[in-house]
Amino acid sequence: MNTKNLAVYIGGFAIVAILCIGALYLGSSTGAEFGGADDGAEGVVEEVDPEYEPWTNGIWGDYELPGETESMLFALQAAIGAIIIGYFIGHYTRKD
């Protein structure tokens, strides 16, 4: 790896790190909470129609998954997506 590529990688990593740390700092200084889209959508639906009843129970039925399981499934989904995207980027950049 030559020096120019190394400088680009370090610079890109530094920019990503600054953005992540800045977002966490700004979020904690304003007292904001991180929430998912599901929580926001639930509030909007209740506001529009307080008597709304879901027409399906989902894959797991009425069983409520523990938070750790939900986090694991979300991380697994993200990892599978990253592997697929990485494969195609690598495949097309190494094409002869």
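1. Fold order. Read from the N terminus, the elements of the protein chain run α-α-α. That makes three helices and zero strands. Please keep in mind that this is a predicted model.

2. Burial and surface. The protein chain has 96 residues, and 2% of them count as buried. Its exposed surface comes to about 9,100 Å². Carbon and sulfur atoms supply 65% of that area.

3. Helix H2. This helix covers residues 37-48. Its twelve residues should span 16 Å at 1.5 Å a residue, and the end C-alpha atoms lie 17 Å apart, so the two values agree. H2 is hardly covered. Among its twelve residues, the count of buried ones is zero.

4. Negative patch. Which residues form the negative surface patch? They are Asp38, Asp39, Glu42, Glu46, Glu64 and Glu70. Helix H2 gives the largest share, with four residues.

5. Glu64. This member of the negative patch sits in the loop between H2 and helix H3. Is Glu64 buried or exposed? Its relative accessible area is 64%. Exposed means over 50%, so Glu64 counts as exposed.

6. Helix H3 runs over residues 67-93. On spacing in general: an α-helix has 3.6 residues a turn, so residues three or four places apart point the same way.

7. Ile84. How accessible is Ile84, and what does it count as? Its relative accessibility is 44%.

Terms used
Residues are numbered from 1 along each chain as its sequence is written. This is a predicted model: local features need pLDDT of at least 70, side-chain atom pairs count only at pLDDT 80 or more; totals for chains, interfaces and linings use all residues. Side-chain values use heavy atoms; hydrogens and water are left out. Patches are made of residues with over 30% relative accessible area and no salt bridge: like charges are joined within 9 Å, nonpolar side chains (Val, Leu, Ile, Met, Phe, Trp, Tyr) within 5 Å. Accessible areas come from the Shrake-Rupley method with a 1.4 Å probe; for residues, only the protein chains shown count as cover. A salt bridge is a side-chain nitrogen of Lys or Arg within 4 Å of a carboxyl oxygen of Asp or Glu. Lys and Arg count as positive and Asp and Glu as negative; His and the chain ends are not counted. The place of a charge is taken as NZ of Lys, CZ of Arg, CG of Asp or CD of Glu. Helices (H or I, at least four residues) and strands (E, at least two) are DSSP runs, numbered from the N terminus. Buried means under 20% relative accessible area, exposed over 50%, partly exposed in between (1.4 Å probe, protein chains only). The expected span of a helix is 1.5 Å times one less than its number of residues.
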